Amino acid sequence: MVTLASEPANYSVVGAQHGCAPSRHDFLCLCGVIYPSTMPIDNPTDRTLAELGITNNSEISALFATVREQFDHQLAAKTGSEPEYLALHHAWLGRKSGILSAITDNWLKSAPPALKPVVGQSLNELKRHVEGRMESFRVAAEKSAAEFAATREKIDLSLPGVSRPIGTHHLIRQVFQEIEDIFFSIGFSVVEGPEIETPYYNFEALNIPEHHPVRDDMDTFYLELPKGAPGPLLLRTHTSPVQIHTMEKRQPPVRVIVPGKVYRRDNPDATHSFMFHQIEGLAVDSDITFCDFTGTIDYFVKQFFGEGVKTRFRPSYFPFTEPSVEFDASCIFCGGSGTAKTGGTCSKCKGAGWIELFGAGMVDPAVYGFVNYDPKKVSGFAFGIGIDRLAMLKYGIDDIQVFFQNDVRFLRQFP
Ligand SMILES: [Zn+2]
C-alpha cells in the first residue's frame with residue numbers, strides 16, 4: 001500500500017507525470033503526491049487499485065480522502081491569479097491528462113465489481129468537490145484580474161499632470177519679427193531669396209565688379225560643384241542679392257524687406273560669426289527722396305529702441321548706394337551722454353554717446369541698369385541691418401556666439 005498522508009523527510013520534485021509542473025511552493029507534483037527521494041517515482045493514479053494493493057471500501061475511502069486533502073492543500077497555496085487557476089484546472093480537470101481522468105481510467109474502470117460502486121461514489125464526490133472549488137477559484141481569479149486592470153487604468157485626477165515644456169522663438173527670430181512688424185506698419189512687405197547665389201547676383205549686379213576691393217571684405221564660401229556643372233556658386237555675403245531678384249520681377253513701386261542668413265569667412269569671436277542675420281530693405285518709386293530715406297530710418301530706430309533715441313548719419317561708401325551713409329543711434333546705455341550711470345566713461349559707446357547701427361544709402365543708379373529700371377524715372381533707398389548686432393545692443397548681450405550655442409540657460413531668458 002502507498003502511504004500518502006505523511007510527509008517524508010526527503011522528497012523530490014516530481015515532474016509532469018500528468019503533464020503538470022511541480023508546484024513552486026511545496027515541492028509537490030501538481031498531481032498532489034509527495035515522493036521521498038528514495039522511493040521509486042511513480043504515481044498512484046497511474047496504477048490500478050489492484051496494483052496499489054487496495055482491496056476494501058475503507059482503503060478506498062482513505063485513498064480518496066488523501067487525494068482530496070492534496071487538492072485542498074494545493075488550492076490553499078495559490079494566491080488566486082488567473083495563470084494559477086489555469087494550471088491547477090489543467091492538472092486536476094484536464095480532459096486527457098487531468099488527475100480525475102486518470103482516476104476514472106485506472107481506478108474506476110478496472111475496479112473489481114464489488115468495489116466499483118464505492119469507487120464511483122467517491123470519485124463523484126471528489127469531482128464535485130474539485131469542480132466546486134475550482135469554480136470559486138475561477139470567479140475569484142477573474143475578479144482579481146478585473147480589479148487589477150481597473151486599478152491600472154484608473155485615472156487619478158489628483159496626480160499632477162505631465163508638463164511638456166513649450167518652446168519659444170529664438171531671440172534672433174523674435175527680433176526679426178519685431179523689425180518686420182515695424183516695417184509692415186509703414187507699407188513694406190517681406191520677400192525671401194536663396195542663400196546660395198551666383199557671383200552675378202551677390203556682386204556684379206550690385207555694382208561690385210570682379211576686381212573691386214570691397215570683395216576682399218566679403219570673401220565667402222564657394223561651393224564645390226560636380227565637374228561640368230555651371231558655376232561658381234557661393235553662400236551669399238549679404239541679403240542685397242534679393243534686391244536684384246525683386247527688381248527683376250517687379251516694376252516700381254517696390255517696398256520690401258528681406259530677412260535671412262548671410263555668410264562671411266570670419267573667424268568666430270565676440271562680434272564675428274561666419275553666419276549671421278540681416279534684414280535688407282529696399283524702397284524704389286518715382287519720387288523717393290533722401291528725406292524719405294532718413295525719415296524712414298529714424299522712424300524705425302525710434303520704434304525699435306524707443307522714442308528718446310536720436311539718429312544721425314555719416315557719409316560712407318557702399319558700391320551699390322550713392323550717396324552711402326552709416327546710421328548711428330544715440331547710445332541707449334548712457335542716453336547719449338557718453339558717461340556711464342555709475343560714473344566714468346560709458347563702455348558701450350566708449351564715451352562717444354553714439355553707437356553705429358548699420359549702413360544704408362540711396363540706390364546707385366548703376367544698379368537700375370542691371371534690372372531694366374530707368375534711373376531717370378525712379379529713385380530709392382536701401383539698407384542692410386545686422387540683426388545679431390541690433391539684438392545684442394537692445395538686450396545688452398556682449399557675445400554673438402551665445403546666439404548659436406543653444407544653451408537653454410541663455411535662451412530661457414527670452415521666453
Ligand atoms: Zn554710451
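**Loops, helix faces and cis bonds in a predicted chain**

Asn 406 sits in the loop between helix 12 and helix 13 (408–411), where helices (H or I, at least four residues) and strands (E, at least two) are DSSP runs numbered from the N terminus. The structure is a predicted model, in which local features need pLDDT of at least 70, side-chain atom pairs count only at pLDDT 80 or more, and totals for chains, interfaces and linings use all residues. Residues are numbered from 1 along each chain as its sequence is written.

Asn 406 is not a glycine, yet its phi is positive, at about 55°. Asn 406 is also exposed, since 9 other C-beta atoms lie within 10 Å. For burial, C-beta atoms are placed from the backbone, and a residue is buried if 20 or more other C-beta atoms lie within 10 Å of its own, exposed if 12 or fewer, and partly exposed in between. Asn 372 is another non-glycine with a positive phi, of about 60°. The loop that holds Asn 372 runs between helix 11 (365–370) and strand 11, and with 9 C-beta neighbours inside 10 Å, Asn 372 counts as exposed.

Now for the chain as a whole. It has 13 helices and 11 strands, and 31% of its 415 residues count as buried.

Helix 2 gets a closer look. Buried in helix 2 are Ile 60, Leu 63, Phe 64, Val 67, Gln 70, Phe 71 and Gln 74. They cover an arc of only 115° around the axis, so they sit on the same side of helix 2; the arc is that of the directions from the helix axis to the C-beta atoms. An α-helix has 3.6 residues a turn, so residues three or four places apart point the same way. The face turned away from the buried side of helix 2 carries the exposed residues Ser 58 and Ala 76. What do the buried residues of helix 2 pack against? Their partners are helix 3 (82–93) and helix 5.

The pairing with helix 5 can be spelled out. Helix 2 (residues 57–76) and helix 5 (residues 116–153) pack at an angle of about 10°, and their axes are 10 Å apart. Here axes are lines fitted to C-alpha atoms, for helices over the stretch in contact, and angles run from 0 to 180 degrees between N-to-C directions. Helix 2 and helix 5 are therefore roughly parallel to each other, a label that goes to angles under 35 degrees. On the helix 2 side, the contact involves residues including Ile 60, Phe 64, Val 67 and Phe 71, while helix 5 contributes, among them, Val 119, Leu 126, Val 130 and Phe 137. The residues of this contact divide into 10 nonpolar, 4 polar and 2 charged, with Ala, Val, Leu, Ile, Met, Phe, Trp, Tyr, Cys and Pro taken as nonpolar, Asp, Glu, Lys and Arg as charged, and the others, Gly among them, as polar.

In the loop between helix 2 and helix 3 lies Lys 78, which counts as partly exposed with 17 C-beta neighbours inside 10 Å. Not counting residues up to four places away in sequence, Lys 78 touches Glu 84 and Leu 88. Lys 78 and Leu 88 are 10 residues apart along the chain, and their C-alpha atoms are separated by 9.2 Å.

Helix 6 (residues 171–184) has 14 residues and reaches 20 Å from first C-alpha to last, close to the 20 Å expected. Leu 171, Val 175, Phe 176, Ile 179 and Phe 183 are buried in helix 6. Seen down the axis of helix 6, these residues fall within an arc of 145°, so they line one face. On the other side of helix 6, Gln 177, Asp 181 and Phe 184 are exposed. The buried residues of helix 6 pack against strands and helices, including strand 6 (254–263) and helix 10 (290–305).

Finally, the prolines. A cis peptide bond joins Pro 252 and Pro 253, with omega about 5°, and Pro 253 belongs to the loop between helix 9 (241–249) and strand 6. Glu 322 and Pro 323 are also joined by a cis peptide bond, with omega about 0°; Pro 323 is found in strand 9 (residues 321–330).

Definitions and conventions
Parallel < 35°, antiparallel > 145°, perpendicular 65-115°, else oblique. Contact = placed C-beta atoms within 7 Å. Expected span 1.5 Å × (residues − 1).
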